Amino acid sequence: MLRYDLNPMTPDLKLMAKAIQLSRESMNSLQGGPFAAIIVKDGEIISEGTNSVTAWNDPTAHAEIVAIRRACTKLETFQLTGCDIYSTCEPCPMCLGAIYWARPRALYFAAERSDAAQAGFDDRFIYEQLVLPHPERRLPTIQTMREEAARVLQEWVSKPDKREY
């Protein structure tokens, strides 16, 4: 297994180059879009992920999500403490949310979301929708049974044997 010495604030260009090569291979294999991500811990590549949306018929199978799932499975944890994520593109809102929940040490990315938009992967509308009140969103978003669901959340608060995350 390859090992790398990493400064948490300085990206390892070899790792980003490897991620970019993976994205090219994924694209050319016709298994998904031109995106890849690598997760590293203590200088070791823990996982790799490429966009597998069309191969898996899964809209959540973005490279970062695939890499996070694989890393968490390998490390047997739901947090990527001490890990760095190398992504070939600025993460979309879904992936960015997953990255924050995974709590890595750092995120390094190559292309910007404007570059992805020029290639046909424009997620600007999601950013725009997130700030709108529910009734104004393009996707009908209707709240129902708040009180019942809130009670379950309150039960969680007082549950003595919960596993916090």
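Residues are numbered from 1 along each chain as its sequence is written. In this predicted model local features need pLDDT of at least 70 and side-chain atom pairs pLDDT 80 or more, while totals for chains, interfaces and linings use all residues, and side-chain values use heavy atoms, without hydrogens and water.

Reader: In what order do the elements of the chain run from the N terminus on?
Author: Helices (H or I, at least four residues) and strands (E, at least two) are DSSP runs, numbered from the N terminus. The chain has seven helices and four strands. Their order is α-β-β-α-α-β-α-β-α-α-α.

Reader: What percentage of the residues in the chain is buried?
Author: Buried means under 20% relative accessible area, exposed over 50%, partly exposed in between (1.4 Å probe, protein chains only). The chain has 165 residues, and the buried share is 32%.

Reader: How far apart are the end C-alpha atoms of helix α1?
Author: Helix α1 covers residues 13-29, which is 17 residues. The expected span is 1.5 Å times one less than the number of residues. That gives 24 Å for α1, and the distance between its end C-alpha atoms agrees: 24 Å.

Reader: Which residues of α1 are buried, and within what arc do they fall?
Author: The buried residues of α1 are L15, M16, A19, L22, S23 and S26. They line one face of the helix, because seen down its axis they fall within an arc (directions from the helix axis to the C-beta atoms) of 115 degrees.

Reader: Which exposed residues does the face of α1 turned away from its buried side carry?
Author: The cover over the buried residues of α1 includes β1 (36-41), β2 (44-50), β3 (83-89) and β4 (106-111). The face turned away from the buried side carries L13, K14 and N28.

Reader: Which residues lie nearest the centre of the largest pocket?
Author: A pocket is an open set of points on a 1 Å grid over the protein atoms alone, where a 1.4 Å probe fits, with protein on both sides within 12 Å along at least five of seven lines. Lining residues have an atom within 4 Å of a point. The largest pocket has 22 of them, and nearest its centre lie F35, H62, C92, F121 and D123.

Reader: Leaving aside neighbours within four places in sequence, what is K162 in contact with?
Author: K162 sits in the segment after α7 (146-158). Its side chain reaches the backbone oxygen of V157 at 2.8 Å, and a polar atom of that side chain lies 2.9 Å from the backbone oxygen of W156. By contact (heavy atoms within 4.5 Å), the partners of K162 are W156 and V157.

Key. Polar contact = N/O pair within 3.5 Å; in protein donor to acceptor, adjacent residues only side chain to side chain.
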